[in-house]
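Below are my notes, point by point, for you to follow with the coordinates open.

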Amino acid sequence: MDPHPPAPDGALFARLLITHERQMRTLVRSMIPGCRDVDEIIQDASVAMWKKFHEYDAHRPFGPWALTFARFQSLAYLERRKRTAARLSDESLEKIADCAASDARSWDGRESDRQVALDECMAKLTPKETRLLGRRYGDGLTVTEIAESGEFRGSREALYKTYARLSRRLLDCVRLKGDSIN
Amino acid sequence: MDSNRKNQDLVRRIAILASRLEDGEDNAEAVDELDELIRSDREAARIYLDTIRIATELPYTDVIESRGLANELLQPPLSPVLSFPARFARIAVWPIAAALVVGVFVFSLRKAENGIVESRPTLAHSTETESKQGVPREMPGIGSATVVHPAKTGRVKGGVVVSKGSIPETVTFNAHVRSILSENCFFCHGPDANKREGELRLDSFEDAIRDRDGYQVIAPGNAAESELILRLLEESEEDVMPPPDSGRVVTAEQRRILERWIEQGAEYEGHWAFISPLRSEVPKPENYDWTRNPIDSFILSRLEEESIAPSSEADRRTLLRRLSLDLIGLPPTPEEIASFLSDTFSGAYERQVERLLASPHFGERMALPWLDAARYADSNGFQQDGDRHAWPWRDWVVDSMNENKPFDQFTIEQIAGDLLGEPTNDQLIATSFNRNHMLNNEGGAIPEEQRNNYVFDRVDTTATTWLGMTMACAQCHDHKYDALTQKDYYRFSAYFNNVPEGGRADYRANRIMLAEPVLELPTEDQAKERDDFKARIQTEKEKLEAAELEIAAAQVKWEIITRENPPKSLDRNRFLLLRNTVTEGSDGTNPSLRRYYLENDAPEEWKAIQKTINQLNNQLEKVQAGIVAVMIMEEREERRETFVLNRGDYESPGESVLPGTPEALFDLDTDAPSNRLGLAEWLVSPENPLTARVIVNRYWQHHFGTGLVKTAEDFGVQGEQPSHPALLDWLATEFVETGWDMKHMHRLMVTSATYRQSSKARPELVDVDPENRLLARGARFRLPAMLIRDSALFASGLLRTDVGGRPVYPYQPEGLWHEFSFEQFSYTPSSGTDLYRRSLYTFWRRTIGPPNMFDSPNRQVCQVKGATTNTPLHALTTLNDPTFVEAARVFAERILTYGGETDETRLSYAFRQALGRDPSDVEAGALNTALERSRSYYRDSPDDAAALATVGESDAPEAIAMEEYASYTNVAQIIFNTDEFLTRE
C-alpha cells in the first residue's frame with residue numbers, strides 16, 4: 001500500500017547491535033589474539049553494518065549477519081599489519097569464524113541466556129575465586145601484574161594455571177546450563 | 001572417560017594460551033601452538049572461541065560488575081595504572097548507537113523531504129529541528145522507549161535511586177538491610193519452617209541475637225563479634241555464607257551496610273508495607289514556589305537532596321493531550337485545544353481537568369487497568385473456550401468509575417455484594433469479579449480439581465489486586481520471603497470456597513457456557529417470550545401424553561420391525577438399545593427410541609406434533625441464549641469445609657481451617673462476619689496497611705508510567721522499596737481520609753506541578769536517573785495499543801462514542817479463531833458502527849485475544865502492571881490492519897472535504913485534527929513530498945488506488961478522484977504512524 005521503501009529503523013539497529021556486540025567482540029578477539037584495537041574494529045564493523053542495514057533481511061538471524069562484518073574487519077585489520085605480528089593461519093581463522101557463525105545461528109533470539117547462565121555459574125565460585133576473576137576481568141590487570149601485586153600466593157605460572165582451571169570450570173558450567181536451556 | 005580427560009587438558013591448555021596472548025606475552029610461540037591445536041583438533045576451535053567468549057562476557061557478570069563498582073566507590077585504586085578495558089568497551093559502543101538512533105529519527109523526516117538517504121547521520125541535526133519548531137521536542141533516542149537502557153548505569157540499583165555516598169550514615173533495617181538479608185539469607189534462614197537450616201531465623205531479632213553456646217549470630221553493637229559478618233568473610237568453602245553452591249553473593253558494599261547496622265544496634269523493623277501508613281508530614285522544599293500541591297513538596301524535596309531542578313511545565317497543547325489520554329483515553333479535539341489555549345484566566349488547566357473527570361469516557365479509560373487486574377474476558381479459556389456474558393460487570397465498573405463510587409464501596413460490592421442486605425441486581429453483578437476466572441470444561445478435566453483451581457484463582461487475584469501480595473507461593477508451602485504461612489493461604493481461601501458450584505460449566509445455551517450460580521437478566525420481552533414458548537411446548541407435549549398408550553404400542557411394533565432392518569440414519573447407540581429390547585422385552589417408552597420414532601417413522605399426526613415441539617425448543621434455546629446471564633457469587637448455607645492442601649493438591653487434605661486473614665497483617669475485627677463480607681470490610685479498613693497504598697500506587701503508575709513502588713504487583717519483602725515512601729504514605733492516608741474518593745486522587749496527581757512538567761529528556765539526568773524515578777521530568781511512554789486504535793478511529797471521525805453494551809467484533813484476520821479453536825468457532829465481524837466502538841468493547845476471546853491489541857495482558861490471570869514494548873509487528877499493524885487503513889481513508893475523505901482547497905491547507909488540517917498542532921515547515925514539506933510520490937504512484941497504478949478504497953466497510957466517496965483519495969489516505973497513514981501520534985508525551 002505504501003509506495004516508499006521503509007526507512008532503516010535506527011532503534012531496531014541499535015537494539016540488535018547491542019544484543020550482538022559481545023558476539024562480535026568475541027570473534028574479533030579470537031581471530032586476533034591479544035588485539036589492543038578491538039574497539040576500533042568493532043566501531044568500523046558497526047558503521048559498515050549501518051550503511052548496509054537496508055540490505056539486512058529481518059527474517060534471518062541478525063547474529064551471523066553481524067559476524068560477517070566482524071570477520072571481514074578483522075581480516076582487513078590483519079592484512080594492514082601483516083608484518084608486525086604473529087597471526088593465526090587462514091585455515092584456523094576460517095574454522096573460528098565458521099564456528100562463531102554457527103553458534104550465532106543457534107542462539108538467535110536467546111543471546112542473553114548465555115549471560116544469565118554465566119551469572120549463575122559465577123555465583124557458585126568462592127569469594128577468593130571471585131576476587132581472582134575480578135582483578136583480571138573487572139580491574140583489567142594482566143596476570144603478571146596480579147602476580148607481582150602479591151595479593152595471591154603463587155607464581156605467575158601458577159596463576160596462569162589457576163585462571164585456566166577457573167576458565168574450564170566456567171566453560172563446563174555454562175555449557176551444561178546452555179544444554180538445559182536448549 | 002579417557003577422551004573426557006583429554007578434552008579437559010585441551011580446554012586448560014587453550015585457556016592458558018589464550019590468557020598469555022591476551023596479556024601480550026610469549027606472542028609468536030603461543031600463536032603457533034594455538035594454531036596447531038585448532039588445525040589438528042576438531043574441538044579446538046570451539047573450545048577456544050568459548051574460552052574467549054567467557055573472557056569477553058565476564059566483565060559484564062553481576063559479580064564482577066558489582067565488585068568493580070564497589071572498588072570504585074569504596075577503595076583507593078590498587079595501582080595508578082588501573083585500566084578498565086571492559087567498562088570502556090561498553091561505553092564506547094554507546095555513542096555509535098545513540099548517534100544512529102538520533103539520526104534516524106530526524107532523518108525519517110528529512111529523507112522524505114529531499115529524497116536522499118543519508119548514510120552518516122550526525123548529532124548536529126537534532127538541535128536544528130528542535131529550534132525550528134516552536135515546541136521543543138524530546139531529544140530522540142535518549143530516555144525514550146525506543147532505546148534499550150544500559151540498565152546498570154547510574155545510581156539506580158534495582159530501580160530505586162541510591163542516595164549519594166553509597167553507605168548511609170544511619171542504616172535502618174527496612175531501608176537498607178532487609179533486602180540484603182531477604183535476597184541472600186531468608187531462603188534457608190527465613191520464615192519457612194520446612195526449609196530452615198541451622199536452627200537460625202535471620203528474620204527474627206530474638207532468634208538472631210540468642211546466645212548459641214558462647215557466640216551470637218548478631219551481637220548488637222559489635223559487628224566483629226557477630227557470626228553473621230564472620231561467615232561472610234570466611235575463606236573456607238565449607239563455612240562461608242552464603243554457601244558457594246547457593247548462587248548468592250553478598251558484595252563488600254552490602255557487607256559494610258550490615259556491619260554498620262549491627263554497630264548501630266541491629267534494630268529490626270517490621271516490613272514497611274505491613275505497618276499501617278501514618279500521615280506523613282509534608283516537607284518544605286526550598287523552591288516552595290514551584291509546588292502546586294503536597295505531591296510536589298515530596299517530589300521536590302527529594303530532587304533538592306540531589307541538587308536537581310525540576311523541568312519546566314509542558315506546553316499547553318502537549319499537556320492537554322497528555323491529560324486527555326490519561327483521563328479519558330482519547331486525544332483532545334482541535335476545538336478543545338483552541339479553547340484551552342485561549343483560556344487566559346487562572347485555573348484554565350484545572351477547568352480542563354474537571355471537564356475530563358466529568359466525561360463519560362473517564363470511566364472507560366479507568367476501567368481498563370481494573371479489567372486487566374480482574375482478568376476480565378468474554379470467554380472461558382481452555383480448549384472449549386465457550387462464551388460468557390461478562391460485560392454487564394464491565395459496564396458496572398465503567399459506571400462505578402464515572403459515578404466516582406467510593407473505593408471502599410466499590411470493593412465491598414465486588415467481594416461481597418451478594419451478602420449485603422437485599423442486594424440489588426447491580427450489587428450481584430459486581431460480585432462477578434470473583435467469577436471472571438477461566439472455566440475449564442475440557443473432556444479430561446476433573447470437576448473437583450477445577451473447582452479448587454477457581455478458588456485458588458480468586459485468592460491470587462484478590463491478594464494481588466488489593467494487597468499487592470503474591471499469595472500463590474503459599475499454596476504449596478510457607479512463603480519463602482513474606483511472613484505468610486500455608487495455613488494463612490488456606491484460611492484466606494476459605495472465604496472463596498463456599499460457593500454453590502460444582503466445577504463444571506452447567507449452564508449452557510448455544511455457545512454460552514457458564515457455571516452456576518448465575519443471575520439471569522432477561523428483558524421484559526425475553527421473559528415473556530420464554531414463558532410463551534415454554535407454555536406452547538407444554539401444550540404440545542400434553543397432546544402426545546394424551547395418546548401415550550397408543551404411541552407406546554405403536555413404538556413396540558416399530559421396534560420389532562426396525563431392529564430386523566435398521567435404517568442407515570439410525571445411530572449406533574439407538575441400534576444397541578434396539579438390540580437389547582430383544583432380550584429385555586420392550587414397553588415402547590424408551591425416550592431415545594421414542595424421539596427417533598416420532599421424528600422419523602411415526603404416523604403423520606404424531607410426527608407433526610414432535611416437529612412443532614422441536615421447532616419450539618429451538619426457538620426457546622435461541623431466546624435463552626439471548627438472555628444475558630452473569631456468573632455471580634453466592635454463599636452455601638452449609639459451609640463447605642476447607643483444608644490445608646498438602647503441596648496444593650486437592651486430593652491431599654490436611655488440617656481443617658476456618659476463614660481468616662493472614663496473621664502477620666492486622667487482626668480482623670472480632671465481631672466481623674466470618675465470610676466474604678468480613679473480608680471485604682477488612683480489605684478497606686483504615687487500619688489495613690496495604691490496600692490504600694497498593695491502589696494509589698497503581699493510580700500513580702497510570703499517570704507517571706511507573707509506580708512509586710515499581711513492583712505494583714508485589715509489596716512483599718521481595719518487592720521493591722518505594723522511591724518516595726513518605727509520599728506513598730501521604731497519598732494512602734489522603735485516600736482513606738477523603739472517604740476513598742477515587743476522582744480526588746486522580747485530580748491530585750494530574751494537577752500537581754510534577755505531572756505538568758515537560759517530558760523532554762535531560763541528558764544530564766540520563767546517568768543519574770535513567771528510569772526517571774525521581775521525576776525531574778514528566779513521564780513519556782508509548783500509548784497502550786487499545787488507545788492507539790481508539791485515537792485513529794477518533795481522528796478519522798469513525799469512533800462511536802456511546803458507553804457500554806454487548807461486546808463487538810471489529811475486523812480481524814480471517815480464519816484466526818478457526819485455527820485456534822480446533823475449527824469450532826468462526827469469527828464473524830460486526831457490521832455498521834459496531835466496527836468502530838472503543839477497544840474496551842472488543843470481544844475478548846481468552847485463547848486468542850484481539851490480534852491488533854499488542855502488549856495487552858492475556859486476561860487469563862490477574863495482571864496489575866502493563867507491558868510496553870514496541871515490536872515492529874505493531875508498526876505493521878498500525879500501517880496495514882483494516883481498522884487503521886479504513887480509518888486513514890475515512891480521514892482522507894474528511895481532509896479533502898473540510899481541509900480547504902490547497903494541499904497546504906489540507907495537510908495543515910490533517911495535522912491539526914490528528915496531533916492538535918500545525919506542522920512545522922520541515923514536516924509540511926515531508927508530507928508534501930510523500931503526497932506527490934503517492935500521486936505519481938497511483939497515477940500509474942489506478943488498480944492499487946481502487947483496491948485501497950475497498951479496505952473496510954465504509955463506502956468510498958464518489959465525488960473525489962480515486963488517485964487523490966488514495967494519496968491522501970497514504971498521508972493519513974503516515975500521520976497515524978508518527979511518533980507523536982503513538983506516544984503520550
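1. Chain A first. Chain A has eight helices and zero strands, and along the sequence its pattern reads α-α-α-α-α-α-α-α. Helices here are DSSP runs of H or I with at least four residues, strands are runs of E with at least two, and both are numbered from the N terminus. This is a predicted model, in which local features need pLDDT of at least 70 and side-chain atom pairs count only at pLDDT 80 or more, while totals for chains, interfaces and linings use all residues. Residues are numbered from 1 along each chain as its sequence is written, and chains are lettered from A and ligands numbered from 1 in the order in which they are written.

2. Burial and contacts in chain A. Of its 182 residues, 42% count as buried. A residue is buried if 20 or more other C-beta atoms lie within 10 Å of its own, exposed if 12 or fewer, and partly exposed in between, with C-beta atoms placed from the backbone. Among contacts in chain A with a separation of 6 or more, 70% are between residues 24 or more positions apart; a contact means that the two C-beta atoms, placed from the backbone, lie within 7 Å.

3. Helix α2 of chain A. This helix covers residues 38-52, and at 1.5 Å a residue its 15 residues should span 21 Å, which agrees with the 21 Å between its end C-alpha atoms. The expected span is 1.5 Å times one less than the number of residues. Its buried residues are A:Val38, A:Ile41, A:Ile42, A:Ala45, A:Ser46, A:Met49 and A:Trp50. An α-helix has 3.6 residues a turn, so residues three or four places apart point the same way.

4. Chain B overall. Chain B contains 40 helices and 10 strands. Buried residues make up 45% of its 985 residues. For contacts with a separation of 6 or more, 69% come from residues 24 or more positions apart.

5. How do α28(B) and α30(B) cross? The axes of α28 (residues 691-704) and α30 (residues 742-751) of chain B come within 10 Å and cross at roughly 40°. Axes are lines fitted to C-alpha atoms, for helices over the stretch in contact, and angles run from 0 to 180 degrees between N-to-C directions. The two helices are therefore oblique to each other; angles under 35 degrees count as roughly parallel, over 145 as roughly antiparallel, 65 to 115 as roughly perpendicular and the rest as oblique. The crossing of α28(B) and α30(B) is right-handed, meaning that the near helix is turned clockwise from the far one by less than a right angle. B:Val696, B:Tyr699, B:Trp700 and B:His703 of α28(B) meet B:Met745, B:His746, B:Met749 and B:Val750 of α30(B). By class, this contact has six nonpolar, two polar and no charged residues. Ala, Val, Leu, Ile, Met, Phe, Trp, Tyr, Cys and Pro count as nonpolar, Asp, Glu, Lys and Arg as charged, and the others, Gly among them, as polar.

6. B:Ser752 sits in the loop between α30 and α31 (753-756) of chain B and counts as buried, with 22 C-beta neighbours inside 10 Å. B:Ser752 lies 457 residues from B:Ile295 in sequence, with 6.5 Å between their C-alpha atoms. Neighbours within four places aside, B:Ser752 is in contact with B:Arg292, B:Asn293, B:Ile295 and B:Asp296.

7. Helices α35(B) and α36(B). The axes of α35 (residues 882-898) and α36 (residues 903-915) of chain B come within 9 Å and cross at roughly 130°, in a right-handed crossing. B:Ile895, B:Leu896 and B:Tyr898 in α35(B) meet B:Arg906, B:Tyr909 and B:Ala910 in α36(B). Buried residues of α36(B) include B:Arg906 and B:Ala910, and the elements covering its buried residues include α14 (334-342) and α35 of chain B. Just after α36(B), B:Gly916 takes a positive phi of about 80°.

8. Backbone spots to check. The peptide bond joining B:Met241 and B:Pro242 is cis, with omega about -10°, and the one from B:Glu516 to B:Pro517 is cis with omega near -5°. B:Ser307, not a glycine, has a positive phi of about 55° and is exposed, with 7 other C-beta atoms within 10 Å. B:Arg375 also has a positive phi, near 45°, but counts as buried, with 23 C-beta neighbours inside 10 Å.
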